[in-house]
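Subject: Structure handover

Hello,

I am passing on the structure below, followed by notes on what was found in it. Please keep it open while you read.

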Amino acid sequence: MQIIKDLHERMVRIRLFETEAGKLMEAGKLPGFLHLYVGQEAVAAGVMAALRDDDQITSTHRGHGHAVAKGVGFREMYAELYGRVTGACLGRGGSMHINDLARGMLGANGIVGAGVPIAVGAAFAARYKGEDSVAVTFFGDGATNIGAWHEGANMAAILGLPVVFVCENNGYAEFTPQSGHMLLTDVADRAAAYGMPSVIVDGMDAVAVHRAAAEAVERARAGAGPMMIEAKTYRYFDHQGVKGLRHPYRSDEEVAEWKARDPIDLLEARAIADGTATRAELDDVWRRTRDEIAEAIAYAEASPLPDPADLLLNVYSG
Amino acid sequence: MTTTTEAPAVTPVAAPRKLSYVKAFNEGLAQAMREDENVFVAGEDVAGYGGVFRMFDNLLDEFGPRRMIDTPISEAALVGLGVGAAARGLRPVVDLMFMDFIGVCLDQIVNQAAKMKYMFGGALSVPLTITTASGAGLGAAAQHSQSLEAWLAHVPGLKVVMPCDAYTAKGLTVSAIRDDNPVVIMLNKVLLGSAGEVPEEIYGIPLGQAHTARHGSDVTVIALGRMVGEALAAADELAAEGVEIEVIDPRTVQPLDTETMFASVRRTNRVLVVHEAVTFGGLGAEIAAQIQDSVFDYLDAPVLRIGAPFSPVPFSPVLEKAYVPDRARIAQGCRRLLERS
Ligand SMILES: Cc1ncc(C[n+]2csc(CCOP(=O)(O)OP(=O)(O)O)c2C)c(N)n1
């Protein structure tokens with residue numbers, strides 16, 4: 001099945017991009033913040049495999065996975081992390097601001113919840129122009145406590161816009177567990193308040209995420225309005241950076257339990273069991289991706305820095 | 001305009017004790033909480049985790065979950081919680097983590113907290129303290145690095161303080177909490193770990209009173225927040241060239257102690273204003289205008305302003321470094337002022 005291979009490749013690309021970025025951060029090579037996505041790959045892969053290039057996404061502070069899965073190139077992503085002029089934001093944005101208009105990546109975002117209304121606007125534009133593209137907005141469990149999230153959800157619903165709301169519920173907002181920031185067990189319940197249908201999926205199962213996303217996207221594209229998907233998932237690394245936990249806010253056992261259901265391991269086991277791919281084929285994806293990443297990092301490191309004389313670049317257009 | 005509601009209670013200690021800026025803030029907050037049972041703290045990850053900048057370390061242990069409250073990521077509701085609680089007599093300290101996030105809750109700060117006393121005919125006050133970390137220098141980019149004091153200082157009813165070192169971080173924090181008005185404390189992210197001498201006992205620094213951080217006769221440098229340290233470093237550099245600059249730290253940018261500045265200008269006849277924020281529409285413009293309104297005749301050169309270029313804060317360290325004013329640019333500015341006349 002082609003979709004399994006597609007999901008696998010997208011997940012491997014995210015996993016390797018992220019683990020290498022983490023190593024570069026640990027080595028002191030990257031400035032700024034790094035919110036790693038490892039563990040949540042099935043969500044980005046599953047959703048993005050249901051999208052076209054002209055479909056738009058808005059992302060979060062934890063946005064690398066979304067960008068990679070949407071097809072943004074390793075070169076411009078690493079160059080951006082390094083603050084090079086060849087980066088996705090010409091070195092102006094860094095990890096939290098990667099974007100790529102050509103790929104429908106409307107930007108990672110440093111402000112929690114801020115991407116939600118922007119996706120609603122992108123969906124509005126699609127309908128206004130008579131195009132059939134959809135917009136997908138990614139957000140965490142914590143972000144659904146922000147006013148902009150609720151206003152965006154209601155706006156999308158009342159205008160009947162082609163938006164898919166994807167909650168990546170990794171159980172934590174920074175260091176606060178979900179139970180410490182909302183009384184709901186399922187974030188999906190929030191959709192009902194706006195008359196929006198919702199579905200809960202296993203966020204470690206890329207195929208399940210993909211099925212749900214394909215349905216929501218198809219619905220939206222057909223004009224049936226917004227829908228919400230809540231994917232229950234987990235992040236392996238710390239909220240920011242790789243390690244350096246000051247206070248343990250979750251147990252080693254909990255982390256180990258989730259890792260035992262690693263989304264890539266699960267998909268590989270499934271692919272091999274049903275004969276979709278051989279171990280050698282899967283290994284080949286890892287190998288090719290590793291090579292591509294090594295090349296992209298070398299490219300980033302060899303890239304020039306931005307010129308301070310261009311400080312005012314792109315403040316205004318025209 | 002200067003309003004001073006209390007005298008500083010600083011008694012020199014025998015053995016000077018060094019404390020980091022963030023620990024000094026923490027100590028001031030803890031002492032203010034001990035002093036007044038009505039003080040409580042609310043914000044994202046302030047209690048269990050102690051704040052992402054360690055501002056609130058150990059406070060949960062001492063004050064418990066009644067007075068240290070972790071909130072959802074809901075800044076508008078967080079500030080609103082503070083406004084409502086303050087209107088009912090409590091003294092909330094609410095934390096906004098990064099200053100940039102005030103964009104999410106500006107209505108509660110500007111239209112509610114700042115105007116409530118006025119609109120209630122003086123019948124109530126809003127003793128709300130908002131803490132936040134401002135400034136560039138960590139590669140945190142456009143949405144996590146801004147210095148937005150000019151937005152806030154423009155709003156009647158708000159007070160805004162910018163501590164430049166550990167000593168002022170503690171004293172201004174205590175005063176902010178004791179003050180009956182909404183006060184925003186802009187801590188500087190780059191300064192968090194910097195250490196300075198801090199008395200152990202509780203003390204307040206009057207809001208609205210500038211401090212002359214260094215005396216000099218040739219140029220007055222008025223520096224905000226982290227720029228005070230840069231100005232002092234520039235002063236050392238210039239002293240080696242035989243130039244003596246006076247460094248004034250307003251400490252509070254709203255209300256602003258202009259009298260101390262005017263007195264200095266009358267002695268030095270030259271002024272440079274420096275802040276991290278974008279120059280256009282920044283407080284440098286306000287200070288320059290007030291100086292020319294009041295002590296124009298004493299000026300030997302136009303007031304010079306140094307601030308950031310008119311751009312969002314860039315990510316790449318090479319750009320960020322060029323963006324933020326530093327000691328070299330301050331020293332250069334002083335030399336330029338001296339070349340005139
Ligand atoms: C408006 C705003 N408030 C606070 C923050 C600081 N912050 C960054 S990430 C984060 C937690 C986000 O949690 P969640 O939405 O669940 O996403 P996750 O980090 O779990 O992926 C917080 C509080 C911010 N960036 N923006």
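Chain B and chain A bury about 2,900 Å² between them, and carbon and sulfur atoms give 66% of that area. Three residues, B:Tyr49, B:Ile73 and B:Phe315, supply 26% of what chain B buries against chain A, more than any other three residues. Please note that this is a predicted model.

The interface

The contact involves 36 residues of chain A and 35 residues of chain B. How many salt bridges are there between chain B and chain A? The count is zero. Polar contacts do occur across the interface of the two chains: 10 residue pairs are found, with both residues at pLDDT 80 or more. On the side of chain B that touches chain A, strand E4 (91-98) and helix H11 (317-323) of chain B each supply at least two residues. H11(B) gives the most to that side, with five residues. By type, the residues on this side of chain B are 23 nonpolar, eight polar and four charged.

The sheet in chain B

Chain B has an open sheet of seven strands with mixed pairing, in the order E3-E2-E4-E5-E7-E6-E12. Strand E3 (68-70) and strand E12 (252-254) of chain B are at the edges; each has a single partner strand, so one side of each is left without a neighbour in the sheet. From one strand to the next, the twist averages 20°. Within this chain, strand E5 (residues 129-134) and strand E7 (residues 183-188) of chain B run parallel and are paired over six bridges. Opposite B:Ser134 stands B:Asn188, in E7(B).

Two backbone details in chain B

Most residues other than glycine have a negative phi, and most peptide bonds are trans. The peptide bond between B:Gln254 and B:Pro255 is cis, with omega about -5°. B:Pro255 is in the loop that runs between E12 and helix H9 (258-268) of chain B. B:Ala141 is not a glycine, yet its phi is positive, at about 70°. The loop between E5 and helix H6 (149-153) of chain B is where B:Ala141 lies.

The sheet in chain A

In chain A, five strands make an open sheet with parallel pairing, in the order E1-E2-E3-E7-E6. Which strands stand at the edges? They are strand E1 (56-58) and strand E6 (198-202) of chain A, each with a single partner strand, so one side of each has no neighbour in the sheet. The twist here averages 20° from one strand to the next. E6(A) and strand E7 (residues 227-232) of chain A run parallel and are joined by five bridges. A:Val199 has A:Ile229, in E7(A), as its bridge partner.

Helices also pack on this sheet. Helix H6 (residues 147-159) of chain A touches strand E2 (135-140), strand E3 (163-169) and E7 of chain A, and the direction of H6(A) makes about 145° with that of E3(A). Helix H8 (residues 206-221) of chain A touches E3, E6 and E7 of chain A, and the direction of H8(A) makes about 160° with that of E6(A).

Salt bridges

Over all chains, the structure holds 42 salt bridges. One of them is between A:Glu26 and A:Lys243, whose closest N and O atoms are 3.3 Å apart. A:Glu26 is in helix H1 (residues 2-26) of chain A, while A:Lys243 is in the loop between E7 and helix H9 (252-259) of chain A, so the pair ties together parts that are 217 residues apart in sequence. Side chains of opposite charge can pair when their charged atoms come close.

Regards

Conventions:
Residues are numbered from 1 along each chain as its sequence is written. Chains are lettered from A and ligands numbered from 1 in the order in which they are written. Side-chain values use heavy atoms; hydrogens and water are left out. Contact means heavy atoms within 4.5 Å. Buried area is the accessible area (1.4 Å probe) that two parts lose on being put together, summed over both. A salt bridge is a side-chain nitrogen of Lys or Arg within 4 Å of a carboxyl oxygen of Asp or Glu. A polar contact is a pair of N or O atoms within 3.5 Å; within protein, one must be able to donate a hydrogen and the other to accept it, and residues adjacent in sequence count only if both atoms are side-chain atoms. Helices (H or I, at least four residues) and strands (E, at least two) are DSSP runs, numbered from the N terminus. Ala, Val, Leu, Ile, Met, Phe, Trp, Tyr, Cys and Pro count as nonpolar, Asp, Glu, Lys and Arg as charged, and the others, Gly among them, as polar. Two strands pair if DSSP finds at least two bridges between them. Axes are lines fitted to C-alpha atoms, for helices over the stretch in contact, and angles run from 0 to 180 degrees between N-to-C directions.
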